Amino acid sequence: QILILAGLCFLLVGCFSSSSDEEWVDGKRKIVFWHAMPGILGDTLTQLLKEYNGSQDEFYIHQEFMGRYDILEQKIIASVMAGKTPDIAQMYEGVTMLLTRDEGEESLQNLNPYLKDWEGFGDLFEVLQRNSTYEDGKVYSLPFNKSFPVLMYNKEILKLVGLDQPPKTWEELARIASEVHSKVVFDKESNAPVLRSSPSDDREPVGGYAFSIDPWLFEIMLLQNGGAMTNGDETKVLFDSEDSVDSLMWFVNSIAQGWGYRTEGYDHQNDFGAQKVAFIITSSVSQKFMANKLRFPYGVKAVPAGEKRNVSIVSGTNICMFSGIGRDRSRGAWDFITWFNSPEITARWAMNTFYVPTRKASLGLPEMQKYLKDVPGGMAGVEQLKIGDMEPRSSAWYRCRIMLRSAMEKIISTVEKQKDISKIRPMVQENLKEASARMNKELSKYSL
């Protein structure tokens, strides 16, 4: 459905301006903000919006929760087609590209004129500056909720195998995870991991590493190994390379060698909470949902390092301002966006959600320094800001990512059933080659 809407949007984008009625709340100009922040993340956002609305007498940010990200994207595109957009909205870069690809008919405002009077853009972390800057140096967004993957590990399980420090590299992670799986079992009576008592101990082995299939980690490993996701202008994917095969083989080998296993949805997080697996890698924000359920000593570190490049990939959305909303609502929208990206507020957003702060200056705040020092996992995402890169931003990337994930699922499912290890690598090569051809066909539909 989103692709159909996107196709129609190419014909209609820019043909309408926002026709939202001028509305007021308590004598303040109403600014409509669409987002997809659920649960405790939404609660934090609501508190910050309340503070902003009470901090000045001119504007009132009216939030509208749209549910999942895909629903938000569909509603954004439909609102452009209908000529009745919100004032600001949270969105992924591919949607931003879609709404700004036709010069002179952009449905989002170019923020460069506003940046002249705001010192904050230069203080954004470099990867976040790049992430918001498009062709010809046009800035169409500012960062909203950004995260990195982090390694979560069970300290008690590490002690059982004689270790007090987590792995720093993927190679170390594989070695330690394999050792855990061979030496540690889960004791139901004590409801805790213990060392295997003998070779004949038939208690369930503790998993070394558990994961749900996500292109994010595969892409990071690919960059770390010196590979690339696409060519320079993002018109062709490079997932059929040997670097790609080498990268995916780490996850394949975890299955084939038995020390790793894949789960569905958030089951790897649940297994970690139940002490049935020693390591998981998940979004830094997941800790916000997991922390109160973890009844054992655990640690959180940055994603493991690779062999050739010290790099990670930032994820999450930006916030954009729509065209045609008028001068006064534009002023209110910009005032809120820059307030949210101020050092103090982005620090509080990070400390209450485990998203990363957007401003370098936020790291010098006393409360932020205390958080980074005292809170487990506080530094895990932040330290990746200096090595951050990003996924392709083509309008077609959303669809390509689905294709890549589907290929990964097919590969892992085959490995779970495959008895002949010698046939695994050729199978991985063939599936990545087929997926790349499908992705390149999709990219060609959207190339400029």
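Which residues in α2 meet which residues in α14? Leu41, Thr44, Leu45, Leu48 and Glu51 in α2 meet Ile345, Arg348, Trp349, Asn352 and Thr353 in α14, where contact means heavy atoms within 4.5 Å. By class, the residues of this contact are five nonpolar, three polar and two charged. Nonpolar here covers Ala, Val, Leu, Ile, Met, Phe, Trp, Tyr, Cys and Pro, charged covers Asp, Glu, Lys and Arg, and polar covers the others, Gly among them.

The model is predicted: local features need pLDDT of at least 70, side-chain atom pairs count only at pLDDT 80 or more, and totals for chains, interfaces and linings use all residues. Residues are numbered from 1 along each chain as its sequence is written, and side-chain values use heavy atoms, with hydrogens and water left out.

**Overall build**

- The chain has 18 helices and 15 strands; these are DSSP runs numbered from the N terminus, helices being H or I of at least four residues and strands E of at least two.
- The radius of gyration is 23 Å, close to the 22 Å that the globule rule gives for 448 residues, so the chain is as compact as a globular protein of that length. The radius is taken over C-alpha atoms, and the rule is 2.2 Å times the number of residues to the power 0.38.
- Along its principal axes, the C-alpha trace spans about 75 × 50 × 35 Å.

**Helix α2 and its partners**

- Helix α2 (residues 39-55) and helix α14 (residues 343-353) have axes that come within 10 Å and cross at roughly 155°. Axes are lines fitted to C-alpha atoms, for helices over the stretch in contact, and angles run from 0 to 180 degrees between N-to-C directions.
- α2 and α14 are therefore roughly antiparallel to each other; angles under 35 degrees count as roughly parallel, over 145 as roughly antiparallel, 65 to 115 as roughly perpendicular and the rest as oblique.
- The crossing of α2 and α14 is right-handed, that is, the near helix is turned clockwise from the far one by less than a right angle.
- The axes of α2 and helix α13 (residues 327-340) come within 11 Å and cross at roughly 120°, which means α2 is oblique to α13.
- Leu45, Leu48, Leu49, Glu51 and Tyr52 of α2 make this contact with Gly332, Asp335, Phe336, Trp339 and Phe340 of α13.
- The contact of α2 with α13 has seven nonpolar, one polar and two charged residues.

**Helices α17 and α18**

- Helix α17 (residues 397-417) and helix α18 (residues 424-446) cross at roughly 165°, their axes coming within 9 Å.
- α17 and α18 are therefore roughly antiparallel to each other, and their crossing is right-handed.
- The contact of α17 with α18 has 13 nonpolar, two polar and five charged residues.

**The five-stranded sheet**

- An open sheet of five strands runs in the order β10-β9-β11-β6-β12, with mixed pairing; strands pair if DSSP finds at least two bridges between them.
- Its edge strands, β10 (260-263) and β12 (298-302), each pair on one side only.
- From one strand to the next, the twist averages 25°.
- Strand β9 (residues 207-212) pairs with strand β11 (residues 277-283) in the parallel sense over three bridges. Alanine 210 has isoleucine 280 in β11 as its bridge partner.
- Helix α9 (residues 215-224) packs on the sheet, touching β6 (149-154), β9 and β11, and its direction makes about 105° with that of β6.
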